[in-house]
Amino acid sequence: LSSDLSEGSNSLQLCEEPLPTEPPTFPVFRYKLLIATQTATREHSESDNIRLNITIEGSKGSAVTGLLDNLDLDDFEKGARDVFEVRVTENVGKVRCITLAAGGDDAWEFLWIEVHSVDFNEQSYFYNTENDITSSDTTEGTDTLKLCL
C-alpha cells in the first residue's frame, strides 16, 4: 500500500508486487559446540569488553560462533574458567584451527581454549604459548589471533 501525499491529493494507490513463491529459508544451527576458556592470572588479564567470537576451522569446513557471552555472568574474569554453548550450521569435522576476533577495546589474555564438539564427542585444545593478548585496540594487543594444532 502506498500513498501519494503530493499537495492536493488524498488518493491511495495499491502497490501490486508479486508475492514470493518460495518461503524464506533460515539457517539451521544443528551442531552443538562447547567452548571453554581459561583467563590468565596476571594483572589486567581479565576483560569487561572483549566482544569475542571465534572462527572454527576443521577438516570439513568452518563456522563462526557469534559473540561468546553468558548473559547473566561476568565472563573473562582473571583466573576464571568460562564455558559457552554455541550452535553452528556446519559440521566442521575435526577441529584444526581457531581464529579469535576481538570486537571490544578491553584487552584479554587467556591460557587455553577448548573446543568440544558435543555431537561427535571430540575435544581440541589451543594453548596461548606466546602469552598473546587480544583486543580491538591494537595498542593493547592483537584484534585477531589464529591458533592451529
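Buried means under 20% relative accessible area, exposed means over 50%, and partly exposed lies in between, with a 1.4 Å probe and protein chains only. The model shown in these views is predicted: local features need pLDDT of at least 70, side-chain atom pairs count only at pLDDT 80 or more, and totals for chains, interfaces and linings use all residues. Residues are numbered from 1 along each chain as its sequence is written, and side-chain values use heavy atoms, with hydrogens and water left out.

**View 1. Salt bridge between Lys32 and Glu85.** The whole structure holds four salt bridges (a side-chain nitrogen of Lys or Arg within 4 Å of a carboxyl oxygen of Asp or Glu). In this one, N and O are 3.6 Å apart. Lys32 belongs to strand 3 (residues 31–39) and Glu85 to strand 6 (residues 81–88), so the pair ties together parts 53 residues apart in sequence. Strands (E, at least two residues) and helices (H or I, at least four) are DSSP runs numbered from the N terminus. Lys32 is partly exposed, at 22% relative accessible area.

**View 2. Salt bridge between Glu109 and Arg42.** The N to O distance is 3.0 Å. Glu109 sits in strand 8 (residues 108–117) and Arg42 in the loop between strand 3 and strand 4 (52–58), so parts 67 residues apart in sequence are tied together. Glu109 is buried, with a relative accessible area of 4%, whereas Arg42 is partly exposed at 45%.

**View 3. Salt bridge between Glu114 and Arg81.** The closest N and O atoms are 3.8 Å apart. Because Glu114 is in strand 8 and Arg81 in strand 6, the pair ties together parts 33 residues apart in sequence. Glu114 is buried, at 10% relative accessibility.

**View 4. The largest nonpolar core.** A nonpolar core is a set of buried Ala, Val, Leu, Ile, Met, Phe, Trp, Tyr and Cys residues joined through side-chain atoms within 4.5 Å. This core has 24 residues, and Ile35, Ile56, Ile98 and Leu100 have the most contacts inside it. At least two residues each come from strand 3, strand 4, strand 6, strand 7 (95–102), strand 8 and strand 11 (144–148).

**View 5. Surroundings of Ile98.** Contact means heavy atoms within 4.5 Å. Apart from neighbours within four places in sequence, the residues in contact with Ile98 include Ile54, Ile56, Ile113, Val115, Phe126 and Leu145. Thr55 and Lys146 are also among them.
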